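Q: Please give a close account of one part of the model shown here, with the chain as a whole for context.

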Amino acid sequence: MADTLEFNEIYQEVKGSMNDGRLRLSRQGVIFKNSKTGKVDNIQASELAEGVWRRVALGHGLKLLTKNGHVYKYDGFRESEFDKLSDFFKAHYCLELAEKDLCVKGWNWGTVRFGGQLLSFDIGEQPVFEIPLSNVSQCTTGKNEVTLEFHQNDDAEVSLMEVRFYVPPTQEDGVDPVEAFAQNVLSKADVIQATGDAICIFRELQCLTPRGRYDIRIYPTFLHLHGKTFDYKIPYTTVLRLFLLPHKDQRQMFFVISLDPPIKQGQTRYHFLILLFSKDEDISLTLNMNEEEVEKRFEGRLTKNMSGSLYEMVSRVMKALVNRKITVPGNFQGHSGAQCITCSYKASSGLLYPLERGFIYVHKPPVHIRFDEISFVNFARGTTTTRSFDFEIETKQGTQYTFSSIEREEYGKLFDFVNAKKLNIKNRGLKEGMKQSYDEYADSDEDQHDAYLERMKEEGKIREENANDSSDGSGEETDESFNPGEEDDDVAEEFDSNASASSSSGDGDSDRDDKKPAKKAKIVKDRKPRKKQPESKKGKDPNAPKRPMSAYMLWLNASREKIKSDHPGISITDLSKKAGELWKAMSKEKKEEWDRKAEDARRDYEKAMKEYSVGSKADSHRGERSKKKKKKQEKQVKGKGDKKGATSKSSSSKSPAKGMSDSFKSKEFVSSDESSSAESKKEDSEDEGAASPPPSSEDSASGSD
């Protein structure tokens, strides 16, 4: 059995919304990475207490319960994957994957059970629905009634805000079932109450988003922002990342807190909390705890009395309470020596920080882009001036970010950084053999076999080779049939834009007529083969041998029916994707077997192609000989027709020649007389004094003038 199982397009149910991502099961535990936020949930194998398989709206789902009461739900599995998961759980987690179906009777009375952080409403032994108590924002009681209020979910189109439970009275003395119900809910609910004193307070801190000055009170489970107009309570569980970024002027520092879900101010959502500090501002801080409690809770990360720069104290306290690393800029240095680049985003100027695993832009609006969600980047010329350029980033979801007005001097540094991080540059393409240095679990699909791409490549090769074969076969014929100035002179006039004058035009244009034949020949030479080329490509010989298939395509044709039988009702796209996964997971020995078959097919194709090319050449030679013979016959027929036309011309021109005793005879008349009868020769000799020597066309023109 494999040591790991990987599933793509799995949905995790969190606070009523479905977050897509990737799930991996290994000997060590279960890892789920959210595709949108990059947040990773890691469940150790030793913490798993129960696994449940059930049918849900998105196919089939997996519910995992841990020993400390946490519940994790993952949907999007296929029914055929149950056996594989069940065997994996038995072998590596020593757990039986139980099958439990939800009750669909539609009854609204039943039994409420509390298990860990989950409220389950059951009818008999089957659950109807479950409520994670961490979603509860408030719990109120009435007479025989308990009301639960929930946090608003901005990602969901419709949010459930309230549920009421009727609790019938019982005969037991001293126990109020309503109060017992409410206490069970409140013990696990995410109800923020500012009970007790704050651990420490930071006064009048400058906040860029949301804008203003706030007092920050640090509590054990949340931080409280208190301003003149608004108050915010931020649980530490909603903090995704912490950033500490130096300003370009080297006198200020940004402290950025990434939040999911964001804090709300009316209809505005703030995904980032940005604080601005001066480096020169110092503070002495005393925690509102005794030294033993500080040592026990923070294990040396904090002390009761601390002093130093204000930004250092805030970042140090937040790191200890949130228990997350602080991200700082890496080894990038811009043209001016700063660790950031001045640019504009959405018509607002700000700073772009290249980090070790992404980019972050501050501050309006703040943007954080991880490397593993970037499809490609592009360097574009500035729209208004050549002294700046634009840096474009497109994510795998299709979102595009354009950072404009970057100084031209920053180009080399930024390009080297992007190149070193192995990012795909659009106008250059991903170099072969480049592997991303941030290759984590989320990037495991980068090297998956793409069946559609393989098929497109094969078809492209076939089209290219067929085009080459047809052009090679028609090349000799095109050269042979091209005879400028012979019988296709009228074609030149069709393409020649200045071909209004012909050989029959006025005598004064004779100089231009001398230059035109060369021009006509050039145009005919350029255009005539181009005109005939598509005709040669259209005719595809059906007797030509077919291109051999690759090893993957041979295997796919042989395995397609088996895949369809194993996955009934599978679509074409899913079938291609599944085939790519199976091919990738196939052992090297099996792949070598199909490689040998592909090599045999290639040799057979080459042999057949040689035989086909020999036969096609012989046919083409026979065709050329017949064409030449036909052309020769046409020329002979044409020559005879010209001779007949010349004799008729001479006979028709005799009568005017006799009357013109004082004028000269034209050149055509003299040449035609030479082939006349003996009687005409006699008449010509009498007039020879007037006709000799014959003048040129120019002289005749001047004489007529």
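A: The model is predicted, so local features need pLDDT of at least 70 and side-chain atom pairs count only at pLDDT 80 or more, whereas totals for chains, interfaces and linings use all residues. Residues are numbered from 1 along each chain as its sequence is written, and side-chain values use heavy atoms, leaving out hydrogens and water.

The protein chain exposes about 43200 Å², of which carbon and sulfur atoms supply 47% (Shrake-Rupley method, 1.4 Å probe). Of its 705 residues, 36% are buried (under 20% relative accessible area; exposed is over 50% and partly exposed lies in between; 1.4 Å probe, protein chains only).

A nonpolar core is a set of buried Ala, Val, Leu, Ile, Met, Phe, Trp, Tyr and Cys residues joined through side-chain atoms within 4.5 Å. The largest one has 41 residues, and those touching the most other members are Phe-202, Ile-218, Phe-255, Val-314, Val-317 and Met-318. Helix α4, residues 310–322, gives the most to this core, contributing nine residues (helices are DSSP runs of H or I, at least four residues, numbered from the N terminus). With neighbours within four places in sequence set aside, Val-314 is in contact with Phe-202, Leu-205, Phe-255, Leu-275 and Phe-277 (heavy atoms within 4.5 Å).

Key: Helices (H or I, at least four residues) and strands (E, at least two) are DSSP runs, numbered from the N terminus.
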